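Visitor: I have a protein model open and would like to learn how to read it. Please take me through a few of its features, one at a time.

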Amino acid sequence: MRSLTPRRRRATSAVGIVAAATLAATATATLLAGPAQAASTLGAQAATSGRYFGTAVAAGRLGDSTYVSILDREFNAITPENEMKWDATEPSRNSFSFGSADQIVSHAQSHGQRMRGHTLVWHNQLPSWVSSINDANTLRSVMDNHITQVMSHFKGKIYAWDVVNEAFADGSTQHRSSVFQNVLGNGFIEEAFRTARNADPSAKLCYNDYNIEDWNAAKTQGVYSMVRDFKSRGVPIDCVGFQSHFGTGGPPSTFQTTLSNFAALGVDVQLTELDIAQASSTNYSNTVRACMNVSRCTGITVWGIRDSDSWRSSENPLLFSSNGSKKSAYDAVLSALGGGTPVPTTPPATTPPPTGGTGSTGPLRGLGSNRCLDVVGASQSDGAALQLYDCWNGTNQQWTSTSSNQLTVYGNKCLDVPNHATAAGTKVQIWTCSGGANQQWRLNSDGSVVGVESGLCLDVANKATANGSAVQIWTCNGGTNQKWSRS
């Protein structure tokens, strides 16, 4: 298996090329009766099944108008290419630098795009002051502090973190040699994940690697055994990232099997750095369908926007040509995103409520309080908070249910969970409608309003009934503070 040599700094140091094969009920969680509508962009189409479609972004390219135009039109998730890696965030011990990473996060927040954090512990792009440490207690303290400081800086802004990246050796079930492995031993991965959970309990924690797409590969089996062990012992791991750097042959024939088998362990699976040499429409379609056919495959990220932005630029591996035009593979991906199995939510879908179908407009009245869901101060600004308030038929209390599973107010603002958070207790807000899964809701016949992405219920905090009571998402429990009426 030959290796691809990186042409610019990126997430992996080597990538194997794997064999080709073809991988083969549109369904979606619905807010109200009626099928999901086909979307015209990658992110919006992925969102119809509760998924994201993202891209790697370089802060240095955010001044390129063509680049940014495609980014904000097509993608509803962002991964920083290099800006959150150790050499960028902690170049010298306990001296942290977040300027470029903050620039990307700010862009994502202002455009309703979720953020994936990449990456906390990796043997590459590691400052020499870290790689030269040979004392276990010192390295453990340094690693734990780095994870804690970086995650704390971005706390509440990151949907998922690649906590550990590429820890397994090529062609082996064992860990690769690295300063972390050599000084701390096999336990460093578990240590990193436990530290990460403490640093930001609401972020999803992922292990990320390349050449683990083929179920028959030794490296795949090594990672699978680790995840199975972690889940059996309660080590906090929520997702596995499959980098998915493929050659002209496309994905391996066992790719969907691999995704399904990992998902069966109780973790989400994500395609985190997808690119395919020469961008064959068939290869892209087969890759995306493999994800769409696995309900816990929650999203896909391509590693760059245009071919000229790619670390493999000579292989033209992306969905947009260097001049920004869509390639035929783009249409194949858009089509493939329209089918498959929706991401599961809790609780399961129920029959639509008896009143207030798609397109209806009116108040959402809390059954426990007899007060209405209200935008504080009648603000129309992104980020404006929601509260309970006496019903008075103001425009800030008029909510429209749409065929895109959204609840809109003022025509273009959506009921939104900030930063794609999924933690109980997250306060809701309004935000310009973007098609993201954090803006999709299901109105159930029992009166509950359930977030498609989080599976949590729209809830009045602390079962309060007074004017000004905060509104949040919370674990569904059947309480009257989670029941709403359209009347």
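Visitor: Let me start with one side chain. Is Lys219 buried or exposed?

Guide: Relative accessible area decides this: buried means under 20%, exposed over 50%, and partly exposed in between, using a 1.4 Å probe and protein chains only. Lys219 has a relative accessible area of 2%, so Lys219 is buried. Keep in mind that this is a predicted model, where local features need pLDDT of at least 70 and side-chain atom pairs count only at pLDDT 80 or more, while totals for chains, interfaces and linings use all residues. Residues are numbered from 1 along each chain as its sequence is written, and side-chain values use heavy atoms, leaving out hydrogens and water.

Visitor: Which side chain meets Lys219 in a salt bridge?

Guide: A salt bridge is a side-chain nitrogen of Lys or Arg within 4 Å of a carboxyl oxygen of Asp or Glu. Here Lys219 pairs with Asp209, at 3.2 Å from N to O. Asp209 sits in strand 5 and Lys219 in helix 9 (residues 218-233), so the bridge ties together parts ten residues apart in sequence. Helices (H or I, at least four residues) and strands (E, at least two) are DSSP runs, numbered from the N terminus. Asp209 is buried too, with a relative accessibility of 0%.

Visitor: How many salt bridges does the structure hold?

Guide: There are 21. One of them joins Asp64 and Arg306, at 2.9 Å from N to O. Asp64 lies in the loop between strand 1 (52-57) and helix 2 (65-74), and Arg306 in the loop between strand 9 (297-302) and helix 12 (328-336), so this pair ties together parts 242 residues apart in sequence. Asp64 is partly exposed at 26%, whereas Arg306 is buried at 7%. Arg306 also forms a salt bridge with Asp309, with the closest N and O atoms 2.9 Å apart. Through shared partners, salt bridges join Arg61, Asp64, Glu81, Arg306 and Asp309 into one network.

Visitor: Now for cysteines. How many disulfides does a search of the whole structure find?

Guide: A disulfide is a covalent bond between the sulfur atoms of two cysteines; the test used is a pair of cysteine sulfur atoms within 2.5 Å. The search finds five. In one of them, the sulfur atoms of Cys206 and Cys239 are 1.9 Å apart. The torsion about their S-S bond is about -75°, so this disulfide is left-handed. Cys206 lies in strand 5 (residues 204-209) and Cys239 in strand 6 (residues 239-242), so the link ties together parts 33 residues apart in sequence.

Visitor: What is the handedness of the link of Cys457 and Cys476?

Guide: With 105° about the S-S bond, that link is right-handed. Cys457 is in strand 20 (residues 457-460), and Cys476 is in the loop between strand 21 (471-474) and strand 22 (484-485), 19 residues apart. Cys457 is buried at 2%, but Cys476 is partly exposed at 28%.

Visitor: Last one: at what angle do helix 6 and helix 8 cross?

Guide: Two packed helices are described by the angle between their axes and the distance between the axes. Axes are lines fitted to C-alpha atoms, for helices over the stretch in contact, with angles from 0 to 180 degrees between N-to-C directions. Helix 6 (residues 136-153) and helix 8 (residues 188-199) cross at roughly 35°, and their axes come within 9 Å.
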